[in-house]
Amino acid sequence: MAFPKISEARSLSDQELADEIVAVKKQLFQLRLQKATRQLEKPHQFRHARHRLAQLLTVEGERLRSAASQQPAKEE
């Protein structure tokens with residue numbers, strides 16, 4: 001199974017991105033629960049889920065930084 005591409009994450013809308021982040025966090029929780037109860041059959045899923053979460057959070061951070069830099073600076 002190949003790692004997901006970051007271009008897929010960049011093509012998501014803001015709401016889809018937030019929903020995907022929540023879904024991946026839930027998936028990681030379930031994987032940790034399965035590991036603790038010795039029911040985990042595919043340990044490589046941890047790496048894939050963490051990689052996907054990192055991609056999604058990176059895209060979210062990029063969008064926040066670009067939105068902040070596009071706003072005019074407030075003068076005092």
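Leaving aside neighbours within four places in sequence, which residues is glutamine 55 in contact with? In this predicted model, the answer is Pro4, Lys5 and Ile6. Glutamine 55 itself sits in helix α3. Is glutamine 55 buried or exposed? With a relative accessible area of 8%, glutamine 55 falls under the 20% cut-off, so this residue counts as buried.

Now follow helix α3 along to serine 69, which belongs to this helix as well. Here the relative accessibility is 59%, which is over the 50% cut-off, and therefore serine 69 counts as exposed. Its side chain has a polar atom 3.0 Å from the backbone oxygen of serine 66.

Next, let's turn to the nonpolar side of the picture. In soluble globular proteins, nonpolar side chains tend to be buried together. The largest nonpolar core in this model has 11 residues: Ala9, Leu17, Ile21, Val24, Leu28, Leu31, Phe46, Ala49, Leu53, Leu56 and Val59. Two helices, α2 (14-36) and α3 (44-70), each supply at least two residues of this core.

What does leucine 31 contact once its neighbours within four places in sequence are left aside? The partners are Leu40, Gln45, Phe46 and Ala49.

Terms used. Residues are numbered from 1 along each chain as its sequence is written. This is a predicted model: local features need pLDDT of at least 70, side-chain atom pairs count only at pLDDT 80 or more; totals for chains, interfaces and linings use all residues. Side-chain values use heavy atoms; hydrogens and water are left out. A nonpolar core is a set of buried Ala, Val, Leu, Ile, Met, Phe, Trp, Tyr and Cys residues joined through side-chain atoms within 4.5 Å. Buried means under 20% relative accessible area, exposed over 50%, partly exposed in between (1.4 Å probe, protein chains only). Helices (H or I, at least four residues) and strands (E, at least two) are DSSP runs, numbered from the N terminus. Contact means heavy atoms within 4.5 Å. A polar contact is a pair of N or O atoms within 3.5 Å; within protein, one must be able to donate a hydrogen and the other to accept it, and residues adjacent in sequence count only if both atoms are side-chain atoms.
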